[in-house]
Each structure stands twice: as C-alpha cells, then as structure tokens.
Amino acid sequence: MAMILPAFVERYMKKLADFVEGEVSIMLRVKDELQKLQRRLERMRGFLEQAERKRHEDPSVRNWVRELKDIMYDADDIIDLCVIEGGKLLESHHPVSAVCHPFPLFSCFGCMKFRYEIGDKIRDLNKRLKEIAEDRSILPKLENPNQDLQESGVNPRQTFPIEANSDIVGTQIEEATQSLVESLVKEQQKFWILGIVGMGGIGKTTLASNIYNDEIIKENFLIRVWVCVSKNFSETKLLQEIIRSAGGNYGQAETKAELIPILSSVLSRRFIVVLDDIWEAKVWEDLLRYPLENATASGRIVITTRDINVAKNMRARVHHVDQMGSDEGWELFCKKVFRDDEKKEIINLKEIGMEIVDKCGGLPLAIKTIVGVLRSKERSNIAWNNVLRSDAWSMSRLQTELPGALFLSYEDLPPDLKQCFLSCSLYPEDHWMHRDDLVRYWLAEGFVKSQGDILLEDLAEDYYKELICRNLLHPDPTNTNQSWCTMHDLLRSLAQFLIGDESAFVGDGKTCTTNPLTKLRRLSISNVGERVEIPNAVKKQNCLRTLIVWSSPKTKIIEHEFERLRQLRVLNLNDTGLESLPDSIGDLLHLRHLDLDRTNVKILPDSIRRLQNLQTLSLSGCKSLHMLPKAITSLCTLRCLRLYETPLSYLPRGIGKLRHLNDLRGFVVGDDRGEQDQGCKLEELQSLSQLRVLWIDRLERSRAGASALANTCFLRRLYLHWQPPEAENNQPRCGEDAIQNANKICNDLSPPSSLEELYFYNFFGNGFPGWLMSSSSLCASFPHLAFLQLHDCKSCPQLPPLGLLPQLKYLRISGADAIVTIGPELLGRRSSAVIAFPRLEFLLLSHMRNWKEWSLGVVEEVGDEIRGASKLLPHLKGLELKDCPELITLPEGLGHATNLQKLIIMGALNLREIKNLPSLTDVLHIERNLRLERVSNFPSLKSLGIVNCPRLQHVENLDKLQFLDLEHPSAVQGTSEIPEQQTESLPQWLLDLLGQHQNAPTGVQNLRVFDLKCSSTLLESFLNDVIQCIPEVWIEDVDGPSWIRYTKGPPSTFQTNVQP
C-alpha cells in the first residue's frame, strides 16, 4: 500500500482541521503550531498531483516526494497521539462512563510532559515542512501541472483496424466475432451500440478490428469508420476525423456547431462506427450522440473500453473479452516466435514455453511483449528458463508497450482509488481477495475519503466496485455477488513497481531488503516459521504501519516484536498457529485492524481495552476460543466484530454500547451456563442502529425478540442461526415448546426493508415466518432482497412465495426434508402481467430427500406456447439440482428460461429423461442419475459432461456440441447396472453421436474436444485405432495412471504413457 500524496494530504488536512477546532488542541496548547502546519500544507497542495506523476521519471522529484511522505506519516502519527492522550485529558476534566474511557485520571505531571513532547514534535514537523517547501530545485518543475496533457484528438497508441491475422488465434475470438457480427447485421433496430469491455492488453482492439474487417460487415455497412479516442480528446478534431473517414468533406468548418450537422448528413448510407479505447461516456453524451442518432441512415456503434460503466452509461450491449486459454496463448506465442518450418524447435521448447505463456495470465499483450524479450535470447531451454525465473517480469524490464497499456488504467484512477489498487499488491500472487477484507484494510489505512453522512464502509464498497468495473480487479465468475476477486499478475507487478520501497511482499524464501534512504511502511510476509521475526532494519526504523502474515500455519509466537512496532495500523495474523497474544498488544495505540481469524488463540488479554483506535477485530473460526474478556465492550471505535464459527459460550453484556458497530457477525444469544447467565440478550441489538451486517447465533436460547431489529433500518445482510436439534449429546431437543418458541422468535424478528441478503440455518420451526410467507406484502417488505439461502429448515412443509421478490438474483434451498412438492405457491399469487422471479439468475436445490414433484404452474398449452411460460425465469443463467433422489421429472415451462447457460443435475436417482431445453448454451453436467435414459433436444449446448449414468441409451439433437466429457464405464461402484463386457466398448449412443455406427444419424459436426475416462482394457484398444474424427481427444484410465492424447493436425500428434 503506497501513500498517494494528494489523497493522503487531503484526508490529513480534514483530520487536522477537525482537531484544531476541538477542545483538546487548546488544552494541549498546540493550536498555533498546528495552524501553521495547516497553512504550509495548503500552499503546497497545488503541486502534489504533478509531483506524484513526475516521481516515476525524475529522481530529484522522487526524493522530494519521499521526504514529504515521511513528514506526512509522522504528522499522522502525531495527530493520533494527540487524540488518544487528549481523550484522557478530557476525561479528567469531564468524567464520563468508564466504558468509553478506560484510563486512570490524567495527572498534571503527565499532562505537562506530554505537552512539551508533542509541542516539540509539531515544531520539528513545521521546520522540516518549511525546508522542503522552499526547495527551489524542485518547485519550478511542478509549477505547470497542465503542461503534459494531450491536446490531440487521437490516442498516442494510434490503433487501427489492421487486416493481418497474426494476432487472430484459436476459436474464442472467431466465435465471438461470428456471434457479434450476426447480431450487428440482423438486429432490426435503426441504431444501437455494442460495448467491448476488458482490461488493458486483453485484446479488445483485436476483436473490434476482426469485426470491422469481417466480409459480412463490409457487405452490410457501406460506410465504415474507425477512430481511436484519447482521454483528453479534441471535440473538433474527433468530429473532423469521423467525417473524413466516412467519405465526407468538412471544408472550412472548425466549430462543433458547424461540424455536427455535416456529420449527420454524411452518414447517408448504412454505417458502422468503431470508437476504440473510450475512457469517458461524455464523448458520447456531449458530442456524438446527437449526430449519430439523427443520421439519415441506420447504423451501429462499436466501442472498446476498460470501464464497464462507460458502456452502461452509453446504454450499450456489453460483451466481455475473456483471458486467453493456455492453448490459444501458446498458438499466439508460436506465431510470434517461430516460423512455420520450425516444428522441431516448437516441440523441444514447448514445455518451458507453456510456462512462460501461463505466466502471462491469458493477456495477449503480455505474450507479445515477453516475446520481444525472448527474441534477443538464445533458443534453448536454459536461456528461456533464465527469462522465466529472472527479473524480466519486473516493470523496469518491461517498460515500453505493456506498462504503458496498464499504467494508463492506473493513471486514470482518482487518488483515493490509486491507494486502494496499490494495496492489493500485498496479497500473494493469484490469491483470492474478499471484498469485506479489502474494505477493512482501506478504512484502517485511511484510504477512504468521507462524503457527508455516507458510511465509510459503503464508500469503500463503491471503490471496490469501481476497480472491478475498470477491470483492475477480476471477480470470481462463479460468485454471484462479486465478493471474491483476484488481481492479474501483471497488474500486481505494476502495483509493486509503483509502490517502490515503501511496501514489500516477502515470500518463497526471499529475504526482506530495505533501502536506507526509504522507510518501509508495510510488510507482507509468507511461509514464516514458528516465530514471527521482523528484520532488524525494519524495527530500527520504527515506522511499520501494516504487517500481514500469509500461509504460515506453523507460526505460534509473536512475543517481543511489538516493542518496535508501535506505529502499526494493520496486524493480520490469520491462519497462523498463534495460541496467545502478549499483553504488549495493548501498546499498539494506533492499531485499527486486528485479524486473528482461524488461529489457535485461547484467550485475549485484558490489555486489549487500551486499543482505543481499533476499528476491526476479527476472531472468526478460532476453535479454541470460548470466552471474550469484558474489556471488549470498552472498544468504543469498533466498527466490525467478526466472531462467526467461533465456539463462544456467550458474548459479554455491553456489546450494545459499541454504537459504531456496523458489522457484527457472531452475536451469541444467552449463555451456556444456565443461572450464571452473563450473555447478551437480543434486546442489546436495539441500540446498534448503524448495523449493515448481522449474524445471530443460538437463537433457540432467546425468549423475546420483538424489537431486536426495530432500529436497524440500514441492515443489508442478516444471518439467522439456530443450534441443530441433534447437536447436543445426539439427543433431539425439538419438543413442542421449543418449536413454538422458534416460530415466535423468528416471527418477531421481522427484518427491515433495506435487506439485500438473508440466510437461514437450522431453523426448526414448523413453518417459515409470516413476514416471509405473505404473498400480499412480500414484494413491499423486501424490495431489495437479492440473495436468499434456506439451509436445513427441515420441518417447513411449504416454501414462501419467493417468485414475487422483484430483485432476487440468487436462491439456494438445501436440506428441506419436509418438502414433497414444489408448485405454484413458490411463484406466489400474481396478476398475469407480473413476471415470476423477474431477476433470478441462479437457482440451487440440494439435499431435498423427499422432494418428488416440481411444477411451475404452467400446464395449459396455447398453440405452440405454454400459457404464462414467457413470464417465468427470464434471466435464469444457472440451475443446479443435487441429491434430490425422489425427483421424477423436470417441470414444464423450464424450456422457456431463455437465458439458461448452465444446468447441473446430480444424484436425481429417479429422473428418467432430460430434454427440450433449446436455450441452454454452455454446460450440461449429469452425474449419478442412475435411471436416466434419455438426453435430447439441446440444439444450442456447447459442453456435455456425463458421469455414472449407467442406463443412458439416447443422447441426441446436440447440433452445436463442442466439448464432451464422459466417464465410462458408468456403473456406480458396487453395483452391476451394466454387463462387464459393455465397459470394454464405447456405448452405442456415443457411436451414434459421433456418426461412427452403421445405423447412426448424422454425427455431431462441431465437436472439438472429447475427454474419456474408461477402463484400462478400453483405453488399450485405442492404441491402434484412436478416434480421429475429433480435433482433440484425451483418454485416461479411470483406475490408473495410463493416458492417451491425440491432436488432429496438421500435423497430427499421438502421445501416450502406455508402454507397447
């Protein structure tokens, strides 16, 4: 995490202004010196952005910036100390509850001593700041902040729609081109926009160029225009360029008013305009929208952008460019490195070459850039391995094309977001990052700029979303709410380069080296031994603000390290073997973030009460921690307390006094110890009005909860947990009284309408609460609810009318043992015009052991359509059915889920056929469906996986199938569903599908990859007669290490590890 001067100084000046105007600055007699500091910083603010930008190219500016950063860090520490010590002083003058000021009275002697010390420190700051502000060798370089701005209307990259196909490899880009060209040509609207979105260097321009040069596009659009838009474009030059490219003549016209009507008149025939590399939607809204929408002819606009918000603001239909696969990356690599006649060298260098390609992370620009490095090297495994292992991947060695493309994305960020982006480089390579953790880090470091009354966590989440929209963080595509993400390796390298010596990530056996001219502020280390040991050079500097330990399960000791780490803001020791914290943890007065998740900590020291700046305390998954000290209720600045999956007997009373809490996960109701009850009651939640996230455990202990959530009007995520009835001594505890109490408490809770996510776990009432079951009020009660999970609600015989929820995107129901049928009640009573599940994208139903029938309430046919079906599940993308053994058939009308991409059915033991889903496009995976006989009519399906479906006889009408994955023999282990001899040959349905049987219909024409797991006998039969009608075939022994790989040429290759 590197300080970005403009952002840090702006935040500090607000903090300073608040303090100067307060009572403490007067009592400490530092107001005059602090106001002097204010004035000096205010005079310097105008130079800071230019200094931050120029530090990368001018060593003298870099040193000046480094010195100013040191001053600002020290100034931040001083204000922190003033606030802490001033709090004690105020307490001595105005006694208040000891809950929020757990210190002894501030003695006169201590007060005088601190006044002198802090006064000296502030005067020293002013002296240093005056010296740096008067450095005449630097300031002239920073006096013209606008001199570097571009004025041309054309991007210096100067992209153009080249027709050469040297960068066109694999089927991915060809398929995308074909699909997008078809949409551009066939769409009946007069005018619409296609947005091609992806990170820098991923191939957006290549795809746009492929579309632009497609013959069908040329035939259908008589006017084609390509223009590359810069960040600081000239409106008139851009208009002139489009007019000229469209075959027009703008003559002497030089103003916007003159050029716009000319452009509209020039576009007199069907046109397509490509706007490459757009950074802001204003180029459309303020300039091009009117002339293009009002052109005489119909047209299409194609834009490329790194920021999905730009495309959305232009109301474009978005196409995301995905990273290249390994095979396509290798193909591009070979095109750039080898000639067509160098087949032998390709084979010899493929293994090391593929490692280099994989390190490029699917980024075409990275592949082309590293090829430039390799061209100067000898073509040998040794030379290429040296490149792979060396510093050739550092930004200093790849400073031309690649960093330029990526740096533009970074430079376009506001200063606050730059700091957040750089902070992600402290994570290990390819490590998953969670949104909530990043939000907490950013707050602890002060990276989030306050805006009025908006909660800082909400602003930080917006930062996170913005980095994703700009393709600087990449969300996990399997995670619906985008809460997990990664950072591309090359973006991480860029961030580490920009951080310089201010932060360090130390892993894989490397040692921490420090530059004597710089002070290390943040240290991230991995694979630590039994003891956390900070390098002596770092301890001597005594200015470390962040310490994060990764992948160190053996680490148990951190004693004696806190003495020289008193400036820490962030301490992350999660997933270590740490068993205890020293009392000296209480000396870390600046600490904001303490993460001990999944450690072996058994007890927290009482000294934790001294951490009066602590914002986040994370203790989730601490299996040895059973009690918390009462001192935890003294942490009055605490904003986040995470305790879930930690077996606490109780939570100390007084949690309700922590009024700043907005994230409380693991609120334990009551106490295990009966009459000695020291635990919290639900009523303590009434005073926590800032809560956004709440996790309640042991709800079965509660006896009242009517008003517990009455004041949580901002609540977004709610987790409700009951102890499973079988959990204590394997004895069921579900007497009638317990069931009625569970019903009552759940009904009383009644969450606010702000709720976005709701999770039920182990609810043992005999019906869902009224606030979830009401058809008449559900929509109004939860207008924002997007994620709903109902786990192990075993006694509820009927599901709520969830189809009425207007924003529901993700629905998961598991372990609902009392459900036998799912019918129209799930859709809810609605008028014929209301769509059921209007926003639902993912539906998962699992471990429903008694569920037999599923109806969508659409059975009456009208012509070729099913009445009401078009109003069902219009956005459903994924459907998973797992371990529903009694389910007999899929519902009528499911075929009208027109956006269905993925269907997984596992353990449906009585399902006999899966058919008629014409819209299913990406994946059908079927497994352990023991009575399944037919899979048919999937005309759009690309990938089919089949495991353990022994009675399958018919697989047909899969016209676009490209990938087939089969485990054969399909007999479930321990059964005799199919004769042994059938395991030694391919099933007839497969021969029919491949068109290799004498009675087979036309085989699958588009099949590209066939992956077969089979018996060793069947595998050996392919040694002399492999399937040659498919471009790529993988065959593996289901019980052993043997394998065969065949690739259709030219040239064809046959590889195997089976000895002849």
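Is D277 buried or exposed? D277 counts as buried, at 2% relative accessibility (buried is under 20% relative accessible area, exposed over 50%, partly exposed in between, using a 1.4 Å probe and protein chains only). This is a predicted model, where local features need pLDDT of at least 70, side-chain atom pairs count only at pLDDT 80 or more, and totals for chains, interfaces and linings use all residues. Residues are numbered from 1 along each chain as its sequence is written, and side-chain values use heavy atoms, leaving out hydrogens and water.

**View 1. D277 pairs up with R306 in a salt bridge (3.9 Å, N to O).** A salt bridge here is a side-chain nitrogen of Lys or Arg within 4 Å of a carboxyl oxygen of Asp or Glu. R306 is buried too, with a relative accessible area of 6%.

**View 2. E502 meets both K69 and R522.** Each contact is a salt bridge of 3.3 Å, N to O. E502 sits in the loop between α21 and β9 and R522 in strand β10 (residues 522-526), so this pair ties together parts 20 residues apart in sequence. Shared partners put E502, K69 and R522 into one network, with R11 and D76 among the other members.

**View 3. Helix α19 (residues 435-445) is largely enclosed by the rest of the structure, because 10 of its 11 residues are buried.** Helices (H or I, at least four residues) and strands (E, at least two) are DSSP runs, numbered from the N terminus. Just after α19, G446 takes a positive phi of about 75 degrees.
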